[in-house]
Amino acid sequence: MVHPDTVRNIVLAQGTINGRYESIQPLNASGHFSVVFRARSLTSGDPAALKFFAQTAADSYRQLSFEREGGLLTGPLRGEPRFVQLLEPPATLPVVATLSNGAPLSLVLQFLAFEWMNGGDATALTKE
């Protein structure tokens, strides 16, 4: 379990995320089990949204929901114009955090990297 505030602090402390994203900025809108950031892709220079899994309690449903979102977007919804697309397959960020007693703690944070959408409603963009 990693609390959303801890995830936010760890991600913001990184210079880059996996050597692919920089200029990390927290967004106010976070999901029920995620923390979302705006970033810039180092390969394209385009903005991206990074959604990190965070969990305040041992709840396998939330873990499965996060994993299912990544699976849907890399599977049946890949390329579907009515859905924001992933920039890469679901990924992880390995980090070493320092506990209050000074002991190191290895963590692996799961995240999804989405294309950036500037406001509005995605359904309004793709009228059938």
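Strand E3 is largely enclosed by the rest of the structure, because six of its seven residues are buried. The model is a predicted one. E2 is also mostly covered, with six of its eight residues buried. Across the protein, buried residues make up 31% of the 128 residues.

The protein holds three helices and five strands. From the N terminus on, these elements follow the order α-β-β-β-α-β-β-α. Among contacts with a separation of 6 or more, 48% come from residues 24 or more positions apart.

The five strands build an open sheet. Their order in the sheet is E1-E2-E3-E5-E4, and the pairing is antiparallel. Strand E1 (21–26) and strand E4 (91–98) are the edge strands, each pairing on one side only. From one strand to the next, the twist averages 35 degrees. Helix H1 (residues 4–13) packs on this sheet. H1 touches E1, strand E2 (34–41), strand E3 (47–53), E4 and E5. The direction of H1 makes about 15 degrees with that of E2. Helix H2 (residues 60–74) packs on the sheet as well, touching E3 and E5. Its direction makes about 40 degrees with that of E5.

The pairings can be followed across the sheet. E1 and E2 are antiparallel and pair over four bridges. Here glutamate 22 has arginine 40 in E2 as its bridge partner. E2 and E3 are joined by seven bridges, again in the antiparallel sense. Valine 35 stands opposite phenylalanine 52 in E3. Serine 34 has phenylalanine 53 in E3 as its bridge partner. The hairpin of E2 and E3 has five residues between the strands. In this hairpin, glycine 45 takes a positive phi near 85 degrees. E3 pairs with E5 over five bridges, in the antiparallel sense. The bridge partner of alanine 49 in E5 is phenylalanine 114. E5 (residues 104–115) is joined to E4 by eight bridges, and these two strands run antiparallel. Threonine 98 stands opposite proline 104 in E5.

In a regular strand, side chains alternate between the two faces of the sheet. The nonpolar cores come next. The largest nonpolar core has 22 residues. Those with the most contacts inside this core are Ile17, Tyr21, Leu50, Phe52 and Phe111. H1, E1, E2, E3, E4 and E5 each give two or more residues to this core. Leucine 50 illustrates the contacts. Not counting residues up to four places away in sequence, leucine 50 touches Ile17, Tyr21, Ile24, Val35, Val36, Phe37, Ala39, Phe111, Leu112 and Ala113. A second core is separate and has nine residues, including Ala49, Phe53, Leu112 and Phe114.

Aromatic rings form a further set of links. A pair of aromatic rings is described by the distance of the centres and the angle of the planes. The structure holds three aromatic pairs. In one of them, the ring centres of phenylalanine 37 and phenylalanine 52 are 5.7 Å apart. Their planes stand at 90 degrees, so this pair is edge-to-face. Phenylalanine 37 lies in strand E2 and phenylalanine 52 in strand E3, so the pair ties together parts that are 15 residues apart in sequence. Phenylalanine 37 and phenylalanine 52 are both buried. Phe37, Phe52 and Phe111 form one aromatic cluster.

Phenylalanine 53 and phenylalanine 66 make another pair, with ring centres 5.3 Å apart. The planes of these two rings lie at 55 degrees, so the pair is tilted. This pair links distant parts of the chain, with phenylalanine 53 in strand E3 and phenylalanine 66 in helix H2, 13 residues apart. Phenylalanine 53 counts as buried because its relative accessibility is 9%. Phenylalanine 66 is buried too, with a relative accessible area of 2%.

A charge also meets a ring. The charged end of arginine 38 sits over the ring of tryptophan 116, 4.3 Å from its centre.

Methods. Residues are numbered from 1 along each chain as its sequence is written. This is a predicted model: local features need pLDDT of at least 70, side-chain atom pairs count only at pLDDT 80 or more; totals for chains, interfaces and linings use all residues. Side-chain values use heavy atoms; hydrogens and water are left out. Two strands pair if DSSP finds at least two bridges between them. Axes are lines fitted to C-alpha atoms, for helices over the stretch in contact, and angles run from 0 to 180 degrees between N-to-C directions. Contact means heavy atoms within 4.5 Å. A nonpolar core is a set of buried Ala, Val, Leu, Ile, Met, Phe, Trp, Tyr and Cys residues joined through side-chain atoms within 4.5 Å. Buried means under 20% relative accessible area, exposed over 50%, partly exposed in between (1.4 Å probe, protein chains only). Rings of Phe, Tyr and Trp (its six-membered ring) pair if their centres lie within 6.5 Å; planes under 30 degrees apart count as stacked, over 60 as edge-to-face and the rest as tilted. A charge sits over a ring if NZ of Lys or CZ of Arg is within 6 Å of the ring centre and within 35 degrees of the ring normal.
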